[in-house]
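This report describes one protein model for a reader who has not seen it before. The sequence and the structure come first, and the description follows.

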Amino acid sequence: MRVSKRASGALAVGAAFALVASGCSSSDNNGGETGASADGAIVIDGTQPENPLVPANTTETGGGAIIDWMWTGLVEYPNNGGAPQNALAESIDTTDSKVFKIKIKQNTKFHDGTTVKAESFVKAWNWAAYGPNGAQNASFFADIQGFGDVYTEDPDGPDGPKKAPEPKAKEMSGLKVVDDWNFEVTLSAPTAVFPTKLGYSAFMPLPDSFFSDVTKFGKNPIGNGPVKFVSWQDDVDIKLTRFDDYQLRDKMKIKDVTVKIYQDDTAAYNDLVSNNLDFQQQVPVSSLAGDKWKTDLGDRAIASTTPSTGIIAFPIYDKRFQNPKLRKAISLSIDRQSITDKIFFGNRKPADSWANPLTPGAEPGNCTACKFDVAQAKQLLNEAGGFTGKLTLSYNADASHKEWMEAVAQQIKTNLGIDAVAVGVPTFAVFRANINAYKMTGAYRAGWQQDYPDVENWINPLYVTGGSSNDGKYSNPQVDALAKEASAAPSIEESHKKFAEAVKIIDQEVPSMPIYFGGQQSGHSEKIKKMELNNVGELDLTSVEL
């Protein structure tokens, strides 16, 4: 759901692959004085992380943003949306897209002063993939040879009496440390997109201290990026500071960053307008009417387009939602154009495809379930046997989702006669905890922000059985098989064709409902003289000048 960025040298990969990603957004202000930046501090808005800050166990944007700032991976995604580039990797070479020889830059440091070595990646990836460790991002390592030996599925879910079989091994056979600065990755099959994925946070390196006390580490994380951890007060703030021993190109120009955790985005916005908050990634919906936010902020307002989609998902583990005709009926009853016009005042676009169109490999217009067709919706609802009882549509109430979720509920009620109602959950952390525990009894908000620039990221985590963010437990053997073929395709082009076939099945079964494509309205304080957003709209801390 996130992406890591920061630019350095070009990505060196033996097998060619081409990518086109979204653009970036930046302030037009001139840079500030060097002295003001060097010892300067900013306060930005954020969200309480769902889990302790472990890269392979973080799948949401609150904790994800912190991890993106604290870590530097092998690969990074430039702010301008260009092709992935090497970061900590000196080179990534392959002749067959199956065996990758990775050389890392020498003598870079973790925040505890220890050296980042090849084994820092290999040990971290093995820990993440090992099923008993319960890492939410374990499925991202499924391409690597031997994954099936270290990861086994729980046959009846976390609440069932049965346990997952003990894995055959603790380490994947496809990972090999060559020396301190080189390691080799062997995949189960050629996978052209593999190097693109390596900038995602699941693939970050970990210091030795992580393995001695995982629980302690999550509350006092040690990364290797341009900022290091200082403190974390739950639901209050997370403090970060510049890592002065950082040796790569994207060094911090300011010193301290406080991520203030708001329970209400309007309160954050009021602080932003009055210059008591230095950055808000998304201003509240209430400020969009008549472009009020632009009037309030003036040249401090930033409009950008991001590869993200607002989604409503179904808990398919609930028998009431297992009929695809019912799910499609509900989706067809929603007038997405009306939502984007009346609620977002034209600052979003109605979704018409399963992957955001800014993503390489995405096909525009391939979501037939996204059309507004009340007659067909009523027919499908009748064929599905109707819907009995109340249909709840849950959302986290600490951000601006109330208005559009209520509008969706009203449309379903008006167009299908279903007793639909939007229900707010106080905080994002509590909301996500319920989703991860498979306790949802109705549809729920489930937006997606791409982790890396390829359509694969919009299919495998969301719709493949056991995917890291397949929270509704959708499962279709045909989709799984096609996605597996796509992931193992010899070229990016062939991969995208196979994913398109998988999407056709997904479109008929409607495991979720894409509602709108993301447009982002951000703002900064007068204190910030220069800044950039990364390609998913997060503040690039290393670009900030005061």
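## A parallel and an antiparallel pairing

In strand S10, Val43 has Thr258 as its bridge partner. This contact belongs to the pairing of strand S1 (residues 41–46) with strand S10 (residues 256–261), which run parallel and are joined by 6 bridges. Strands here are DSSP runs of E with at least two residues, helices are DSSP runs of H or I with at least four, and both are numbered from the N terminus. Two strands count as paired if DSSP finds at least two bridges between them.

S10 is also joined to strand S9 (residues 237–242), by 5 bridges and in the antiparallel sense. In that pairing, Thr241 stands opposite Asp256 of S10.

## Source and confidence

The model is predicted: local features need pLDDT of at least 70 and side-chain atom pairs count only at pLDDT 80 or more, while totals for chains, interfaces and linings use all residues. Residues are numbered from 1 along each chain as its sequence is written, and side-chain values use heavy atoms, with hydrogens and water left out.

The predictor's confidence in each residue, pLDDT, runs from 0 to 100. Its mean for the protein is 91, and 92% of the residues reach 70 or more. Over residues 1–32 pLDDT stays under 50, and for this stretch the model has 140 contacts beyond four places in sequence. A contact means heavy atoms within 4.5 Å.

## The protein as a whole

The protein has 17 helices and 18 strands. Its radius of gyration is 23 Å, close to the 24 Å that the globule rule gives for 546 residues, so the protein is as compact as a globular protein of that length. The radius is taken over C-alpha atoms, and the rule is 2.2 Å times the number of residues to the power 0.38. Along the principal axes, the C-alpha trace spans about 65 × 60 × 40 Å.

Of the 546 residues, 58% count as buried. Buried means under 20% relative accessible area, exposed means over 50%, and partly exposed lies in between (1.4 Å probe, protein chains only). Among contacts with a separation of 6 or more, 73% are between residues 24 or more positions apart.

Strand S7 (residues 182–186) is joined to strand S5 (residues 99–104) by 5 bridges, and the two run antiparallel. Phe183 in S7 is the bridge partner of Ile102.

S7 also pairs with strand S6 (residues 175–179), again in the antiparallel sense, over 4 bridges. Here Leu175 stands opposite Val185 of S7. S6 and S7 form a hairpin with 2 residues between them.

Helix H3 (residues 118–129) has 12 residues, which at 1.5 Å a residue should span 16 Å; its end C-alpha atoms are 17 Å apart, which agrees. The expected span is 1.5 Å times one less than the number of residues. H3 is mostly covered, with 10 of its 12 residues buried; among them are Phe121, Trp125 and Trp127.

Ser120 lies in H3 and is buried, at a relative accessible area of 7%. Leaving aside neighbours within four places in sequence, Ser120 is in contact with Phe110, Thr115, Pro205 and Leu206. Ser120 and Trp181 are 61 residues apart in sequence, and their C-alpha atoms are 10.0 Å apart in space.

Helix H17 (residues 492–509) has 18 residues and reaches 26 Å from its first C-alpha to its last, close to the 26 Å expected. Its buried residues include Ile492, His496, Phe499 and Val503. The buried residues of H17 pack against helix H15 (460–463) and helix H16 (477–487).

Thr340 is in helix H11 (residues 336–342) and is buried, with a relative accessible area of 0%. Beyond its neighbours within four places in sequence, Thr340 has contacts that include Phe345, Asn347, Pro350 and Tyr516.

## Residues with positive phi

Most residues other than glycine have a negative phi. Ser97 has a positive value near 60°; it lies in the loop between strand S4 (89–93) and S5 and is buried, at 6% relative accessible area.

Asp291 has a positive phi of about 55° although it is not a glycine. Asp291 sits in the loop between strand S11 (279–280) and helix H9 (292–297) and counts as partly exposed, at 32% relative accessibility. Val510, which follows H17, has a positive phi near 45°.
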